[in-house]
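Please look over the sequence and the 3D structure before reading on.

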Amino acid sequence: MKIGKWLYQINTYYPSSQTCSNCKTKNKALKDLSIREWECACGNMNDRDLNASINIMDKGFEMFLKEQYEF
């Protein structure tokens, strides 16, 4: 049985740490990298690194699904 693996490269300028992983709202005030935690307008508390990793994972899944179900 062969197990496939996929690698998707996310654009370097994708604002993964500035975008809320809950509601996908971009917070432009987060250009300052010293801000490590922030609260979104939707009420979600975001750790900058964890939030970025969730957004990158979601973007990879989005790219995978688009490739798999493109007609």
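This is a predicted model: local features need pLDDT of at least 70, side-chain atom pairs count only at pLDDT 80 or more; totals for chains, interfaces and linings use all residues.

Residues are numbered from 1 along each chain as its sequence is written, and side-chain values use heavy atoms, with hydrogens and water left out.

**Helix α1**

- Helix α1 covers residues 48-68, where helices (H or I, at least four residues) and strands (E, at least two) are DSSP runs numbered from the N terminus.
- The 21 residues of α1 should span 30 Å at 1.5 Å a residue, and the end C-alpha atoms are 30 Å apart, which agrees; the expected span is 1.5 Å times one less than the number of residues.
- At the start of α1, a side-chain oxygen of Asp47 comes to within 3.2 Å of the backbone nitrogen of Asp49.
- Arg48, Asn51, Ala52, Asn55 and Gly60 are buried in α1, and what covers the buried residues of this helix includes β1 and β2 (45-47). Here buried means under 20% relative accessible area, exposed means over 50%, and partly exposed lies in between (1.4 Å probe, protein chains only).

**Asn51, a residue of the helix**

- Asn51 lies in α1 and counts as buried because its relative accessibility is 2%.
- The side chain of Asn51 reaches the backbone nitrogen of Ser21 at 2.9 Å.
- Leaving aside residues up to four places away in sequence, Asn51 touches Ser16, Ser17, Thr19, Cys20, Ser21, Trp38 and Asn46, where contact means heavy atoms within 4.5 Å.

**Leu30, a residue before β1**

- Leu30 sits in the segment before β1 (37-39), and with a relative accessibility of 3% this leucine counts as buried.
- Not counting residues up to four places away in sequence, Leu30 touches Ser17, Gln18, Ile35, Trp38 and Arg48.
- Leu30 and Arg48 are 18 residues apart along the chain, and their C-alpha atoms are separated by 9.3 Å.

**Cysteines**

- A search of the whole structure finds 0 disulfides, a disulfide being a pair of cysteine sulfur atoms within 2.5 Å.
- Cys23 is in no disulfide, and the nearest cysteine sulfur, that of Cys40, is 3.6 Å away.
- Cys23 is partly exposed, with a relative accessible area of 32%, whereas Cys40 is buried, with a relative accessible area of 8%.

Key
A polar contact is a pair of N or O atoms within 3.5 Å; within protein, one must be able to donate a hydrogen and the other to accept it, and residues adjacent in sequence count only if both atoms are side-chain atoms.
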